[in-house]
Every structure is written in C-alpha cells, then in structure tokens.
Amino acid sequence: MKIGIIGTGNMGKIIIEALIESRAISPSNLMITNRTVKKAEEIKERFQTVNVFHSNEEVIHSSDLLFICVKPHDVFKIIQENKNSFSIEKCVVSITSPVSVHQLQSVLSCSCARFIPSITNRALSGVSLLTYGSQCSDQWKNVLSELAGKISTPVLIDENVTRVASDIVSCGPAFFSYLTQRFIDAAVEVTEIDKETATILASEMLVGLGDLLKKDIYTLPTLQEKVCVKGGVTGIGIGVMEKELGDVFQQLFKGTQEKFEDDIAKTTSQFGV
C-alpha cells in the first residue's frame with residue numbers, strides 16, 4: 001500500500017515520523033509533497049527512501065491512501081484542482097476538524113474519512129480521532145484503524161463531538177503545557193526554587209502521573225483522594241484552585257466552539273454543504 005501525504009507542516013510531519021518509526025509503513029511506500037517543497041525534502045534527508053514529489057497531482061496518482069494535511073480553507077482547492085485523480089478505489093483522509101467527511105463525500109466518489117492526530121502520537125502514544133464517511137468501505141476502515149493503532153489509541157467519534165474531542169486530544173497537550181508552565185513560573189516567583197529544577201520536577205511529575213493513569217493504578221478522582229489528606233497542604237492548594245480558576249475551562253470550550261463554527265462556515269461556503 002502506498003500512502004500519500006499532502007502537506008508536511010507540523011501535523012503532517014508528525015504523522016510521517018510516527019508511521020515510519022512505528023514500522024506501520026516503510027519510507028519507500030510514502031509519497032509526500034508540500035507547497036514549499038524544501039520542507040518535504042528535509043524529511044527525505046532523514047528518511048532517504050521517502051518519495052518527494054513536486055505536485056499534489058503526482059502524490060495523488062501514486063497513492064492508495066491519501067492524507068490531506070493542509071489548512072481547512074485549502075482542502076477544497078486541492079480536491080477541485082485534482083478531482084479527476086481521485087479514483088474510486090482510493091481513500092482520502094482529512095486531518096482538520098472543520099472539514100467533515102460529509103463534505104468530502106459531496107465532491108469525491110472514493111472512500112472518505114477524517115483522522116485527527118495529536119502531538120502525543122509522535123511518541124506513539126495518546127489518542128487519534130477517527131470518523132468514517134457513510135461510503136467508506138469496510139476495507140479502508142480496517143486499514144485506517146490498524147494504522148492509527150500503530151501510533152496511538154484510535155477512538156471513533158461522531159461528527160457532533162468533533163470540536164470538543166479535538167480540544168481534549170489535539171489541543172489538550174498545548175493547554176496543559178501552558179498550565180504547567182504557569183505552575184513552574186509561580187513556583188519560581190513565590191519561592192527560592194530555580195526554574196531549571198522546577199521544570200525538571202514538574203515534567204517528571206507529569207510523566208509519573210501519566211504512568212499511574214495508563215497502568216490503571218488510579219483514576220483521576222481516586223488519585224486526588226489518595227494525595228489530598230484532610231487538613232493537609234494538597235487540600236489547601238486545591239481549595240485555592242477551586243476559588244481562583246472559576247469558569248476558565250467553560251470559557252475555553254466556548255471560545256474554541258466559536259472559532260470552530262466560524263471555520264465551518266468558511267468550509268461550507270466552499271463545499272456548498
């Protein structure tokens with residue numbers, strides 16, 4: 001099977017590196033291109049047998065499974081410019097949440113799906129989100145599920161939870177990295193700890209927390225119960241967070257939903273559905 005990647009920006013590159021390092025596919029079976037071809041050629045410098053093309057059309061013709069890893073407003077343009085190249089036996093996958101499988105199916109006769117990755121997939125970990133079009137063949141569903149399973153825990157989602165699921169899985173690492181950085185900065189500001197030490201401690205704490213959850217030793221609620229001794233320091237800290245955080249996360253999800261609706265409106269005007 002030949003896999004094509006159109007767009008080798010941050011997420012496209014993550015998918016390429018994860019697929020190769022997990023041995024889900026050999027580099028020689030990867031067909032890649034980018035608007036700035038130099039970025040694709042930089043990937044070939046590391047994985048020498050990867051095939052770099054100078055046009056989207058060449059990648060589409062040479063691939064069985066095609067990942068379109070570009071910005072939402074560029075997806076329709078790529079499809080329209082190469083519409084006759086998407087033969088019925090192929091499968092086209094969008095990695096962007098505003099472009100639905102229904103929209104892909106409205107302009108393509110081949111199997112269509114959406115695969116929303118996470119930066120955590122780069123470590124062959126975390127979750128990837130899958131949504132299949134109604135016309136997607138069982139064969140391609142199995143292929144995509146198996147590929148996703150090589151680099152992540154694949155979770156099948158409905159269209160109506162696409163944005164919030166993506167917020168948790170794909171945006172979540174950035175959100176919690178920001179919170180952790182604020183946590184570190186506050187420790188340095190209020191106490192005598194240096195930033196380097198605080199960063200090491202916080203980073204290793206997160207790794208340990210992940211291991212506890214991954215091994216099902218504790219759930220999030222039971223973990224809090226174990227650490228939060230009545231009248232202890234942890235309880236004081238949680239009390240402060242309960243008071244100061246307020247509805248910050250409610251506002252976060254409202255903000256991302258509003259941006260999502262705006263993005264959907266733009267893609268709808270292109271696809272017409």
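Helices (H or I, at least four residues) and strands (E, at least two) are DSSP runs, numbered from the N terminus. The model is predicted: local features need pLDDT of at least 70 and side-chain atom pairs pLDDT 80 or more, while totals for chains, interfaces and linings use all residues. Residues are numbered from 1 along each chain as its sequence is written, and side-chain values use heavy atoms, without hydrogens and water.

Q: How many helices and strands does the protein chain have?
A: The C-alpha atoms of the protein chain fill a box of roughly 70 × 40 × 35 Å along the principal axes. The secondary structure of the chain comes to 11 helices and 8 strands.

Q: What percentage of the 273 residues of the protein chain count as buried?
A: Buried means under 20% relative accessible area, exposed over 50%, and partly exposed in between (1.4 Å probe, protein chains only). By that cut-off, the buried share of the 273 residues is 37%.

Q: What distance does helix α7 reach from its first C-alpha to its last?
A: The expected span of a helix is 1.5 Å times one less than its number of residues. Helix α7 covers residues 162–190, 29 residues, with 42 Å expected. Its first-to-last C-alpha distance is close to that, at 40 Å.

Q: At which residue does α7 bend?
A: The bend at a residue is the angle between axes fitted to the seven residues ending there and the seven starting there. In α7 the angle is about 65 degrees, and a proline, Pro173, follows within four residues of the bend. The buried residues of α7 include Thr162, Asp167, Thr180 and Ile184. They also include the residue at the bend, Gly172.

Q: Which helix gives the most to the lining of the largest pocket?
A: On a 1 Å grid over the protein atoms alone, a pocket is an open set of points with protein on both sides within 12 Å along at least five of seven lines, a cavity is a set where a 1.4 Å probe fits but cannot get out, and lining residues have an atom within 4 Å of a point. The largest pocket is lined by 49 residues, and Phe176, Thr180, Met205, Leu206 and Leu209 lie nearest its centre. The elements that give two or more residues to this lining are β7, β8 (153–156), α7, α8, α9 (220–227), α10 (233–245) and α11. The most, 13 residues, come from α7.

Q: Which helices each supply at least two residues of the lining of the second largest pocket?
A: This pocket is lined by 35 residues, with Cys69, Val70, Lys71, Pro72 and Asp74 closest to its centre. The elements with at least two lining residues are α1, α4 (72–81), α7 and α11.

Q: Which helix gives the most to the lining of the largest cavity?
A: The lining consists of Ile15, Leu19, Phe67, Phe115, Leu147, Ala148 and Ile151. With 3 residues, the most comes from α6.

Q: What is the relative accessible area of Arg23?
A: Arg23 is found in the loop between α1 and β2 (30–33). Arg23 has a positive phi of about 65 degrees although it is not a glycine. Arg23 is exposed, and its relative accessible area is 76%.

Q: What is the relative accessible area of Leu124?
A: Leu124 lies in the loop between β6 and β7. Leu124 is not a glycine, yet it has a positive phi of about 55 degrees. Leu124 is partly exposed, with a relative accessible area of 37%.
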